[in-house]
Amino acid sequence: MWETLDDFYWTYQSLIHAVGVNGILALSVYVVLAVGQLSLGQAAFMGVGAYTGALLTVKFGVPFGVAMVGAALVPALLALVVGGPTLRLTGVYLAIATIGLGEITRIVFLNWDYAGGALGLSSIPERGGVAAIYGTLAVLLVGLTLVARSRVGRAMEAMREDEAAAGVMGVNLPRYRLVALVVSSAMAGVAGCLSAHVSSFIGPNEYGFEAAVTILSYALLGGIGSPLAPVLGSTILTLLPEVLRPLADFRLMVNGLIIVLAVLFMPRGILPWRIARTG
Amino acid sequence: MRAMSRRVLLAAALLGGSLVGAQAQDKSPVKLGAIEILTGPNSRYGIAIQRGFDLALADINKAGGVLGGRPLAIAYEDSAGAKEQALNAARKLIGRDKVPLILGPTLSNEMFAAGPVANERKVPIVGTSTTANGITAIGPYVFRTSLPEADVIPVTLKTAQAKFGIKRVAVMYGNDDAFTKSAYDVMKASLEKLGIETLTTETFGSKDSDFSAQLTKIKALNPDAIVLSALVEAASGIELQARQLGIPEKVFFIGGNGLNSPKLGDIAGKAADGTLVGSPWFVGKPDAANQAFVNAFKDKYGGDLPDQFAAQAYDTLFIVAKAIDAAGAPDSEKIKDALIKVKYTGVMGPFSFSETRDPADTSGVVVLVMKGGKFQLLQ
């Protein structure tokens, strides 16, 4: 019995890791979407975090905890620098600017020979694992739920629904936007660091436009009514390709069909409900 | 819909019947795992490999299978070209299906993800199409039957030097792709070793379509040849533009494995004439074993010609079957010990593993030259 369970866990270990990491990524894009911004830079921030963490452990041999802190700080700093000019933009213009950011980081990693260039970084030591991933996810989930129920959460929701009205009511729009971007990039960086340390290899092309769209789709499928919604979305999108494995050749087709149907019939996400206010 | 479900039922019934039959003879099949790209944009590689395996599988089972009459079987898992899916597939094959050996995955990147997992569980994993540096350094359970670029490119360059007396070359490579970059590293080392002077090294992105800046510079330097590491789409564009810019035809291209594709001739046409590539295998190799393979492949797959990936897969399954026979049991540890000792001569030529679990013999490498849009053996 124990052995069977152990085998089961071993078989699906990568998938269990991926569900947790993608959950954190979904939360990171949720934080930006929650203030009514559209960012396609999450994959880039994830890549910066992954490279920071991996370089710290591979080249400098620092403890995993330090690598995690670095992987949160560096993307946060990057977000602070690019946030100033880009957050003057809204909607589709911000999306385009963040796509540009993603492309620039990809090209930097490609041409940075110290970090492996096009060949990527391999033999990253295995650290963290399930405990670190799900611990982080749980802390973020609880933290963001508490925020959503607070005054700050109400302000964020007001910004999302009507920015002008929220501004008139005294919400400090630029500051909220910047803080949201910085926090979300730190979260994406941590997710990158966690995933790099369970997959042993990272490459510059993993954090491109496709990854950014995938991360955004977690929130689109799940909804952004509450922090739980995007995590549910990411869990479904991560598990689907593996659950559908027995379908063989039809796998990716059915996968796509399910997503299209979900978006068509549940445009506000699978979990559209908002969190009730307590305080 | 109804027709389909009936077909599924029929297939299930047949499968059930064959399983019962196998048990009755007490000759259960030896099931291996294979991870290949069967769907998505890179599926043509995975499907070519699958066809090679299936052809070899039929041949082996017709000749009595392995271990004195047990049929060989392959459980395929699709990776869709994504390293996460390759990793999940490897874990499923090892943890759930308990296969004694894994064939694949298709791409080197996928092997860097799946290899460490197989190695951790002490299950041999045999790449048939992974050519990047460092694959077998993953661990003692990681093998490959595909010649790495590091073995093929030096042969090509040496032949070019001996036949055409090249002394000064220009080098171009795609710097945003692991495959073309690692081939470039080999080219650079090999050119230095042969004492060929490199006039300039130019780079481009794999999705670029305009190469005139780099080619104009190369034209001014007047090299004897251009050494090119690119995927076939970019390579075709570069060769076309080189001729348009007036680089004379006597300045020929020497390519890495990326150029070893019939598509080069299809796209670049006459501009590609004279291009030299090294290949571990060639469809027109005249020996009897190879011709029998090509004909059997054509018969089975409606006239399609095999490519090098199918040929490598075909030989690999025979090598693995030989190792299983030598091991005496479908046991991972015994197969691993037997694999390293296997000596086999197949459609690719003589084969054995080196101490580092790479192919030891490079005598099967052939140098091909493009003439009239088609590759042929360099005479």
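Guide: Let us begin with P105(B), which lies in the loop between β3 and α4 of chain B. Please note that this is a predicted model.

Visitor: What is the peptide bond from G104(B) to P105(B), cis or trans?

Guide: That bond is cis, with omega near -10 degrees. In general, most peptide bonds are trans.

Visitor: And β3 itself, which strand does it pair with over two bridges?

Guide: Strand β3 of chain B, residues 102–103, pairs with strand β1 of chain B, residues 30–36, in the parallel sense. Within β3(B), I102(B) stands opposite G33(B).

Visitor: What is the order of the strands in the open sheet of chain B?

Guide: The order is β2-β1-β3-β4-β5, five strands with parallel pairing. The edges are held by β2 (72–78) and β5 (142–144) of chain B; each has a single partner strand, so one side of each is left without a neighbour in the sheet.

Visitor: Changing topic: where is K98(B), and is K98(B) buried or partly exposed?

Guide: K98(B) is found in the loop between α3 and β3 of chain B. It counts as partly exposed because it has 13 C-beta neighbours inside 10 Å, whereas a buried residue would need 20 or more. Its phi is near 55 degrees, a positive value in a residue other than glycine.

Visitor: What about phi of S123(A)?

Guide: Phi of S123(A) is near 45 degrees, also positive in a residue other than glycine. S123(A) sits in the loop between α5 (91–111) and α6 (129–149) of chain A. With 13 other C-beta atoms within 10 Å, S123(A) is partly exposed.

Visitor: Now the chains. How many residues of chain B are in contact with chain A?

Guide: There are 22 residues of chain B in contact with 24 residues of chain A. On the chain B side, α3 (83–95), α4 (108–120) and α6 (178–194) each supply at least two residues. The largest share, seven residues, comes from α3(B). By class, the side of chain B that touches chain A has six nonpolar, eight polar and eight charged residues.

Visitor: Which domains does the assignment give for chain B?

Guide: The domain assignment gives domain 1 (28–147 + 287–347) and domain 2 (150–279 + 366–377). Their centres, taken over C-alpha atoms, are separated by 31 Å. The contact takes seven residues from domain 1 of chain B and nine residues from domain 2 of chain B.

Visitor: How do the residues on the domain 1 side divide by class?

Guide: The side of domain 1 of chain B that touches domain 2 of chain B has two nonpolar, five polar and no charged residues.

Notes: Residues numbered from 1 in each chain as written. Chains lettered and ligands numbered in written order. Predicted model: local features only at pLDDT ≥ 70, side-chain atom pairs only at ≥ 80, totals over all residues. Contact = placed C-beta atoms within 7 Å. Helix = DSSP H or I, 4+ residues; strand = E, 2+ residues; numbered from the N terminus. Nonpolar A, V, L, I, M, F, W, Y, C, P; charged D, E, K, R; others polar. Pairing = 2+ DSSP bridges. Domains from an automatic or database assignment. Buried ≥ 20, exposed ≤ 12 C-beta atoms within 10 Å, placed from the backbone.
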